[in-house]
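The chain is shown here for reference.

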Amino acid sequence: MKNLNKIVVAVILVLSLSSNAQDSNNPWAFSFGVNAIDTKASAQGGKDWFDSHFSQPLAIKENWNILPSISYIGLNKYIGDNFTFGVSGSVNKIDKFVNYSPANGYVVSNPGDLMYYGIDATVRYSFQSLIKSKVIEPSLSVGGGYAFLGDTSYGTINTGAGLTFWVTETVGLELTTKYRKSFEERVTAGVPNAPSFFQHTLGIVFKFGGTDTDKDGIYDKEDACPEVAGLKQFNGCPDTDGDGIVDGSDACPEVAGLATLNGCPDADGDGITDADDACPQAAGLANLKGCPDADKDGVADKDDKCPSVAGPKENAGCPWPDTDNDGVADKDDACPEVAGLLSNKGCPEVTAADLDKISTDAKSIYFHTGKATFRSEDVPVKIESISSLLKQYPTAKFSIEGHTDSDGSDASNQKLSQERADVVRNVLIERGMKAENLTAVGYGESKPVASNKTAAGKAKNRRTEVVLQK
């Protein structure tokens, strides 16, 4: 029993710790009940680790060691952020020790009614506040312990889980399970030495230790303002300005005010307290934080750059400009200086005349035979003409199409036509056209416009075209 005395002494030491808990209401918890020890988990049988540890979790009659009396006590203290620290002590008698051998499987034997004593230090995390329950409290824990088993003693690393059902605010039914991992020899000379094992507990837990943090004579549990001294008639809360409204409900606790305005004054009489009024000296509207709006455009006069003319909030209360007067505001107009159509983002539609001019110029761009280089010296003029026309339609999309005559293989002509289309596209982009508005595609010799049996026909087939995409 001398080891049990060690456990009792350790618990008494914890009881002597300071009670300045971060949770001012009932920071302490005392628990007691019965514990059960299951040694099967470390017998190293089963198909794998999970099977050896959890294949028979509820073989109570076969594997569990239980004393028919109170066999554990624990004391925990809340340390903040859902964490508690605690110590516990337990006692048991091992008359069911599980071993495993390939030949015989699991065998349960009595190692001689070995007495077990254990003491643990545990850090526990509660999920009760996360699941927002007042009754159910799941938790996880980790810690270390020291076990006395027969003539041996050894340390363990403990991991566990728990579930507490709170019958009242301070009394609960607690169920926990811990896996106590030992790093020493499990059995020595056929006798249990330092086995790992599961330890389960079932007991009752009591919370206690309520405090009066603000020393106003009202315990924190019943104090509506537990950290600020107050008056009994206000459930422990103060009323600094003496207007009959407690500071916690008083929007202006330092200045006396009216109850209808939550204790705040209203200098301009617009029904908005000065503390919330952006224009406290001028009556205004509630949706504008107490400021006036002369042009009724939803922008307070103090923020309105055009206070006498209605305009959108996005433009500081001023109307949006429409430079080309086409009914499309400049901010939405892709062609703000050229009148266009609303359906075309304020830009004009491509005219048939311009489209014909673009097509004619494109067909007049000739390349050296078998190459993607320009042949005619007037090509820059044609390119500039095309570019000038395309810029008038910044939202229109065009396809640059390359073609060849029938000389050469299909593959080489396809490659050449693509290169020629890419060259035209690139020079247009260099002159300021948007890349996303231009695509380039080569058709090789597949789309002739004249016979490839004559030199003149072949010359016409070596061409580029600029096509409007619908």
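## Disulfides

Cys-279 and Cys-291 are both buried. In this predicted model, the two are joined by a disulfide with an S to S distance of 1.8 Å, and because the torsion about their S-S bond is about 90 degrees, the link is right-handed. Cys-279 and Cys-291 each lie in the loop between strand 13 and helix 5, 12 residues apart.

The count of disulfides comes to four, and among them is the link of Cys-252 to Cys-264, again with S to S 1.8 Å. The torsion about the S-S bond of this pair is about 105 degrees, so the disulfide is right-handed; both cysteines lie in the loop between strand 13 and helix 5, so the link ties together parts that are 12 residues apart in sequence. Cys-252 is buried with a relative accessible area of 12%, while Cys-264 counts as buried at 0%.

A further disulfide is formed by Cys-225 and Cys-237, whose sulfur atoms are 1.8 Å apart, and which are both buried.

## Sheet and helices

Three strands make up an open sheet of mixed pairing, in the order 15-14-16. Strand 15 (438-442) and strand 16 (464-468) stand at the edges with a single partner strand each, so one side of each has no neighbour in the sheet. Strand 14 (residues 398-402) runs antiparallel to strand 16 and is joined to that strand by five bridges, with Gly-402 opposite Thr-464.

Helix 5 (residues 352-363) lies across strand 14 and strand 16, at about 160 degrees to strand 16, whereas helix 7 (residues 410-430) lies across strand 14, strand 15 and strand 16, at about 160 degrees to strand 15.

Note on methods
Residues are numbered from 1 along each chain as its sequence is written. This is a predicted model: local features need pLDDT of at least 70, side-chain atom pairs count only at pLDDT 80 or more; totals for chains, interfaces and linings use all residues. Side-chain values use heavy atoms; hydrogens and water are left out. Two strands pair if DSSP finds at least two bridges between them. Helices (H or I, at least four residues) and strands (E, at least two) are DSSP runs, numbered from the N terminus. Contact means heavy atoms within 4.5 Å. Axes are lines fitted to C-alpha atoms, for helices over the stretch in contact, and angles run from 0 to 180 degrees between N-to-C directions. A disulfide is a pair of cysteine sulfur atoms within 2.5 Å. Buried means under 20% relative accessible area, exposed over 50%, partly exposed in between (1.4 Å probe, protein chains only).
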